[in-house]
Amino acid sequence: MDKSEIIKNIKAHKKQPNLRFELKEKTELFIDRLFYTLFDIDTPVAENLDLLEKEFQHLVDLACWKVDKPCKKVWDNYVVRLPKILEKLNKDAEAIVDCDPASLSIEEVYLAYPGFYAIAIYRLAHELCKDGFPLVPRLMTEYAHSKTGVDINPGAQIGESFFIDHATGVVIGETAIIKDNVKIYQGVTLGALYVAKNLQKTKRHPTIEDNVTIYANATILGGETIIGKNSVIGGNAWITASVPANSTVFHSPEIKIKPISHAL
């Protein structure tokens, strides 16, 4: 097979007319500028908002394919909500400082905590997701996923003062509902009991009520599963049914220690 035949065959198999990886790259650049605009004290807000609007319009041109569902007003709806998003994120940062004895300053949280970064990108993506502009929000949270190991679907609903400690391996599904003052540790999964395409429009992921703590590697599954307020879920717990308020749930592993006998 000569080069021209190879090229012809490759082109024949490129079947997605809207698949442009430029969209992924431009989304990541947009996120970085947006993050600096909201948090970095030396970044000029007015100037950057103008740049962000232009960058966002380019994302719209790349990602809004259906002419009967125009996306031109998405930025106008989004930008007015940025102050409220920032207010929520500041509460998340304060919750981390208040809960984590290892945090030395709130600046450390903004600069060095992967859990905070993942929450920040989720909140920024979630508002776009609510406006019916799904692909860019998904690319945003996947960018955070690649940097932090935290996978939060932008469709999830998360209340105020949320804290993810250590971060790596956390998975929060699309229809999960997390209320206020919830704290979760690394490896926690809020997932679905079943995976099937016909469940797309149903609530598949659990609800976590106020003031719940979920320790490392706990798995909580199912759309009807509710973890009641003020509950503590221990590490490695596997939960597929609701838990009443003020409960403590823990996993009891069987550990056997076999001493080594030394031959004389």
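Student: How do the axes of H2 and H8 cross in this predicted model?

Tutor: Two packed helices are described by the angle between their axes and the distance between the axes. Here the axes of H2 and H8 come within 9 Å and cross at roughly 70 degrees. The two helices are therefore roughly perpendicular to each other. H2 passes H8 in a right-handed crossing.

Student: What is the arrangement of H2 and H3?

Tutor: The axes of H2 and H3 come within 10 Å and cross at roughly 160 degrees. Angles over 145 degrees count as roughly antiparallel, and that makes H2 roughly antiparallel to H3. Their crossing is left-handed. Residues in the contact include Leu23, Thr27 and Phe30 of H2, and Leu49, Leu52 and Phe56 of H3. By class, the contact of H2 with H3 has 12 nonpolar, four polar and four charged residues.

Student: Which residues touch the most other members of the largest nonpolar core?

Tutor: In soluble globular proteins, nonpolar side chains tend to be buried together. In this model, the largest nonpolar core has 65 residues, of which Ile172 and Ile214 touch the most other members. Elements giving two or more residues to this core include H2, H3, H8 and strand S3. H7 gives the most, with 10 residues.

Student: What does Ile172 touch?

Tutor: Leaving aside residues up to four places away in sequence, Ile172 touches Asp151, Ile152, Asn153, Ala156, Phe162, Ile178, Ile184 and Leu190.

How values were computed
Residues numbered from 1 in each chain as written. Predicted model: local features only at pLDDT ≥ 70, side-chain atom pairs only at ≥ 80, totals over all residues. Heavy atoms only, no water. Core = buried A, V, L, I, M, F, W, Y, C linked by side-chain atoms within 4.5 Å. Buried < 20%, exposed > 50% of the residue type's maximum accessible area, 1.4 Å probe, protein only. Helix = DSSP H or I, 4+ residues; strand = E, 2+ residues; numbered from the N terminus. Contact = heavy atoms within 4.5 Å. Axes fitted to C-alpha atoms, helices over the stretch in contact; angles between N-to-C directions. Parallel < 35°, antiparallel > 145°, perpendicular 65-115°, else oblique. Left-handed = near helix turned anticlockwise from the far one by under 90°. Nonpolar A, V, L, I, M, F, W, Y, C, P; charged D, E, K, R; others polar.
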